[in-house]
Amino acid sequence: MKKKPFVLGTTLLTATLLLAGCGNNGGSGTSAADYELENVEFPLKEKVTLHLMTSSSPLAPSDPNEKLIFSRLEEETGVHIEWNNIADDYAEKRNLAIAAGDLPDAMFNAEASDKELLAWAEDGVIVPVNDLVDKYMPNLKAIYEKYPEYKELATAPDGNMYSFPWIEELGEGKESIHTVNGMAWINVEWLDNLGLEMPETTDDLMVVLEAFKNEDPNGNGEADEIPMSFIDGNGNEDFKMLLAAFGGDGDNDNHLVVNNDRSLNYTADDDSYREGIEYISELYQKGLVDEEVFEQNWNSYVSKGNDQRYGVYFTWDKANVTGANDSYDVLPVLEGPHGDKKVTRTNNFGFFRGRFVVTSANKNLELTARWADKMYEPIQSVQNNWGTYGDEEQQNIFTLGTNEAGEPMLQHAPLEGTAPGELRQKTEAGGPLAVLDEYYGVYTTSPDDAQWRLDLMHEHYLEFIENDYNFPQMFMNVEDANRIDQILADLNPYIYQQRAEWIIGGITDESWDNYLAELERLNLPELMEIYERNYEAYVSNSEE
């Protein structure tokens with residue numbers, strides 16, 4: 001396929017100037033090479049180069065080839081990757097490159113939304129990959145044949161696949177590690193110091209937080225304790241975990257719950273949602289909530305956590321905030337004022353469609369597809385997802401051992417106090433991969449931190465999750481995807497702005513009624529109609 005010409009005047013100039021300064025190769029990611037390779041087998045007899053655009057963590061090397069994962073891949077395949085690694089403002093610079101027609105062979109860690117995939121396909125920026133999967137990608141093809149639901153999720157409404165996905169399984173259904181997002185953690189050392197019992201109800205929690213504020217639980221004679229903290233908004237550090245105690249469906253990041261009769265409920269306009277926010281507001285009015293919750297970022301949140309200043313806080317894994325110590329434990333599911341004791345299921349799922357796309361500038365489709373298919377080899381996928389072994393320059397995620405059959409198996413090494421998220425960011429490759437449940441015990445061990453988290457979920461949470469389904473990552477058509485983005489661009493900021501105002505100043509009947517009217521004006525009914533129509537079609541197709 002030929003590269004599509006773009007004529008965008010000053011946009012082209014801006015994009016070219018901006019991109020000339022980013023990445024480690026100092027310029028364009030476009031490759032004009034055509035190696036005319038057929039029936040590709042690795043390692044190649046002569047080394048060739050592909051040009052890929054990517055983004056990686058600031059903690060990782062600026063040149064991804066310095067990662068042991070990629071240097072081994074080059075040795076195994078004979079394919080050298082010339083990376084344009086965009087360290088910051090990735091989406092903006094990526095889109096400017098596309099607008100300028102300055103295309104690499106492919107985008108690794110493309111982070112493409114459904115809307116972007118469809119728009120890029122329509123504009124000729126990326127190519128369909130159906131034939132590439134069928135002809136040149138036996139590893140991914142086998143996954144799709146064994147688990148057709150993943151192929152269905154990867155397929156656009158027009159019947160084409162435009163990307164290679166990231167798949168991570170760890171538990172199934174309600175027992176998936178993705179079922180619960182941010183967990184609530186409580187300072188049990190402070191409970192012991194003050195002779196307090198673990199809270200069992202929302203009223204108990206308020207009493208405990210007041211004691212944390214007023215009774216110097218850390219014993220330093222200073223009022224430096226923060227009874228409760230969170231990061232306002234979507235994400236693992238929000239307080240949504242508490243809202244299910246007030247009845248109804250609670251809340252999650254999408255404000256969307258699938259009931260067991262397959263009906264959908266938007267949670268942010270429920271009376272129980274209001275009651276939960278009123279509870280958080282009361283905590284705030286009493287000075288029990290960190291004053292910085294509406295402005296702090298991850299770094300400031302972790303800094304205070306490292307100093308053990310929190311009584312209660314929220315995150316995926318406490319090791320990333322307060323450390324892998326015994327000072328904090330899971331806050332059990334609390335019983336609310338009406339006797340409710342439940343957990344809202346998230347809509348998270350170990351699948352992301354747009355991890356790797358092949359551009360129309362690529363003249364080496366078979367080579368690119370076969371290289372990308374290497375990412376779906378089980379041992380390679382495991383390393384891409386977490387990190388590697390045998391690195392003599394830094395800490396390793398794995399050691400290389402054998403399974404019961406005597407075959408190679410990656411075994412998670414002790415973290416030795418290192419935050420798992422930080423080590424992963426330094427060493428992982430990301431990109432397209434598949435880690436399936438059946439790999440554990442065969443190709444890799446379950447990560448200690450993940451297994452520990454799953455055990456905690458079983459102990460504290462899973463029996464209180466009532467919903468059998470979550471809202472799937474449906475691939476909608478361009479019109480619906482665009483309209484959803486338009487609606488959410490106004491709706492979500494308004495919801496969180498109003499929530500913050502209520503937490504600080506309280507809720508009145510008038511303000512609640514005005515809020516409900518504004519949700520309708522911001523097209524919530526239309527949003528739900530699009531969700532419901534697409535979900536009904538998804539369920540119908542799944543049952544065929």
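Author: One term before we start: two strands pair if DSSP finds at least two bridges between them. Also, keep in mind that this is a predicted model.

Reader: Ok! What's the strand order in the open sheet of four strands?

Author: The order is β6-β9-β5-β10, and the pairing is mixed.

Reader: And which strands stand at the edges there?

Author: Those are β6, residues 226–228, and β10, residues 328–330. Each has a single partner strand, so one side of each is left without a neighbour in the sheet. From one strand to the next, the twist averages 35 degrees.

Reader: How many bridges join β6 to β9, and do they run parallel or antiparallel?

Author: Two bridges join them, and the strands run parallel. Strand β9 covers residues 310–315. If you want to find the pairing in the structure, look for Ile 226, which stands opposite Tyr 310 in β9.

Reader: Is strand β2 largely enclosed or largely open?

Author: Largely enclosed by the rest of the structure, because five of its seven residues (β2 is 79–85) are buried.

Reader: How many bridges are there between β1 and β2?

Author: Seven, in the parallel sense, with β1 spanning residues 48–54. One spot to check is Thr 54, which stands opposite Asn 85 in β2. Strand β1 also pairs in the parallel sense with β3 (residues 106–112), over two bridges. In that pairing, Leu 52 stands opposite Ala 106.

Reader: New topic, holes! How many cavities of 30 Å³ or more are there?

Author: A search of the whole structure finds three. The largest cavity holds about 80 Å³ of space.

Reader: What classes of residue make up the lining of the largest cavity?

Author: There are 10 nonpolar residues, no polar ones and one charged. Among the residues lining this cavity are Ala 184, Met 241, Leu 331, Lys 342 and Tyr 461.

Reader: What about pockets, what volume does the second largest pocket have?

Author: About 750 Å³. It is lined by 31 residues, and the closest to its centre are Glu 149, Gly 173, Phe 349, Asn 470 and Tyr 538. The lining divides into 10 nonpolar, 10 polar and 11 charged residues.

Reader: Which element gives the largest share of the lining of that second largest pocket?

Author: That's α18, with five residues. Helices α7 (148–154) and α18 (524–543) each supply at least two residues of the lining.

Reader: Last one: is Ser 281 buried or exposed?

Author: Buried, because its relative accessible area is 5%, and the cut-off for buried is under 20%. Ser 281 is found in helix α10, residues 271–285. Leaving aside neighbours within four places in sequence, Ser 281 is in contact with Trp 502, Ile 503 and Gly 506.

Methods: Residues numbered from 1 in each chain as written. Predicted model: local features only at pLDDT ≥ 70, side-chain atom pairs only at ≥ 80, totals over all residues. Heavy atoms only, no water. Axes fitted to C-alpha atoms, helices over the stretch in contact; angles between N-to-C directions. 1 Å grid on protein atoms, 1.4 Å probe; cavity = no way out; pocket = protein on both sides within 12 Å on 5 of 7 lines; lining within 4 Å. Points joined across faces, edges and corners; volume = space filled by probe spheres on them. Nonpolar A, V, L, I, M, F, W, Y, C, P; charged D, E, K, R; others polar. Buried < 20%, exposed > 50% of the residue type's maximum accessible area, 1.4 Å probe, protein only. Contact = heavy atoms within 4.5 Å.
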